[in-house]
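Grab a pencil and work through these exercises with the structure open beside you. Try each task on your own before you read its solution.

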Amino acid sequence: MLNKKHMVLTAVTLGAIAACSAALIGLANFFTRDAIEKNKEKRFNAGITAIFGENSEAHEFSDLSELDLLDKAYSVHKDDVTTGWAIVATGSNMYGKISLIAGFDYSSKLFVGTYLITNEQTYASTLVENYVTPLNNDDDFSIDDVSCGATYGAKLVRDLINAAQSYVDGIIYD
């Protein structure tokens with residue numbers, strides 16, 4: 001009898017702990033989800049500005065979630081003139097997740113720059129310093145030069161940009 005009572009009491013206690021934990025997680029989500037969405041939007045807008053300059057606005061062009069690595073495509077406008085394409089791509093490897101915006105010129109469809117929205121790589125700062133920054137700032141830097149001290153992260157960034165480039169190459173203008 002004592003053994004059954006002990007097991008029931010243990011089960012009820014663990015169930016109460018689980019219910020309280022779930023309620024706390026739900027409550028935290030309720031109060032933070034709007035702030036998280038606003039921060040995502042701020043990061044995206046900062047990326048559009050970093051790649052295409054001040055007063056650039058992105059308008060969703062296509063949902064690419066059915067494609068491997070690609071999330072969404074945006075047309076970028078400045079003063080009511082289409083200036084480029086912004087492709088959001090996400091991927092991961094054994095070192096972490098990367099989400100980025102790859103920017104392309106509207107008329108030539110050439111890569112113009114990238115912005116990391118999420119960089120959860122183990123060697124995140126090395127990746128940014130030795131690959132992403134030179135990729136954005138040095139005209140002679142090759143996208144395929146992935147030896148940077150964070151080679152797997154650089155390969156992932158390269159693959160995301162190449163997937164975005166393939167999509168942009170396939171866009172047909174009216």
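Predicted model: local features only at pLDDT ≥ 70, side-chain atom pairs only at ≥ 80, totals over all residues.

**Exercise 1. The largest pocket**

Work out how much space lies in the largest pocket, and which elements line it.

*Solution.* 
Step 1: Start with the volume. The largest pocket holds about 340 Å³ of space.

Step 2: Look at the lining, which is made of 13 residues. Those nearest the centre of the pocket are Lys40, Asp71, Val88, Ser99 and Ile117.

Step 3: Two or more residues each come from helix H1 (2-52) and from the strands S2 (70-78), S3 (81-93), S4 (96-105) and S5 (111-119). H1 gives the largest share, with four residues.

**Exercise 2. The nonpolar cores**

Find out which residues touch the most other members of the largest nonpolar core, and which element gives the most to it.

*Solution.* 
Step 1: Take the 30 residues of the largest nonpolar core. Ile87, Leu100 and Tyr131 touch the most other members.

Step 2: Go through the elements. At least two residues each are supplied by S2, S3, S4, helix H2 (124-137) and helix H3 (151-169). H3 gives the most, with nine residues.

Step 3: Zoom in on tyrosine 131. Leaving aside neighbours within four places in sequence, its contacts are Thr126, Phe141, Ile143, Asp145, Val146, Cys148, Ala154, Val157 and Arg158.

**Exercise 3. Aromatic rings**

Describe how the rings of tyrosine 95 and tyrosine 123 pair up, and explain why this pair ties together parts that are apart in sequence.

*Solution.* 
Step 1: A pair of aromatic rings is described by two things, the distance of the centres and the angle of the planes.

Step 2: Read off both values. Tyrosine 95 and tyrosine 123 are 6.3 Å apart centre to centre, with 55° between the planes, and the pair is tilted.

Step 3: Tyrosine 95 sits in the loop between S3 and S4 and tyrosine 123 in the loop between S5 and H2, so their pair ties together parts 28 residues apart in sequence.

Step 4: Take in the wider count. The model has eight aromatic pairs, and Phe61, Trp85 and Tyr106 form one aromatic cluster.

**Exercise 4. Positive phi angles**

Give the phi of asparagine 55 and of aspartate 79, then say where each residue lies.

*Solution.* 
Step 1: Recall the background: most residues other than glycine have a negative phi.

Step 2: Asparagine 55 has a positive phi of about 65° although it is not a glycine. Aspartate 79 has a positive phi too, near 55°.

Step 3: Locate them. Asparagine 55 is in the loop between H1 and strand S1 (56-63), and aspartate 79 is in the loop between S2 and S3.

Step 4: Check exposure, which needs over 50%. Asparagine 55 has 61%, so it counts as exposed. Aspartate 79 has 64%, so it counts as exposed as well.

**Exercise 5. Histidine 77**

Which residues are in contact with histidine 77, leaving aside neighbours within four places in sequence?

*Solution.* 
Step 1: Find histidine 77 in strand S2. At 19% relative accessibility, it counts as buried.

Step 2: List the contacts: Asn55, Ser56, Glu57, His59, Thr82 and Thr83. Asn55 is the residue from Exercise 5 with the positive phi.

Terms used: Residues numbered from 1 in each chain as written. Heavy atoms only, no water. 1 Å grid on protein atoms, 1.4 Å probe; cavity = no way out; pocket = protein on both sides within 12 Å on 5 of 7 lines; lining within 4 Å. Points joined across faces, edges and corners; volume = space filled by probe spheres on them. Core = buried A, V, L, I, M, F, W, Y, C linked by side-chain atoms within 4.5 Å. Buried < 20%, exposed > 50% of the residue type's maximum accessible area, 1.4 Å probe, protein only. Contact = heavy atoms within 4.5 Å. Phe/Tyr/Trp six-rings, centres within 6.5 Å; stacked < 30°, edge-to-face > 60°.
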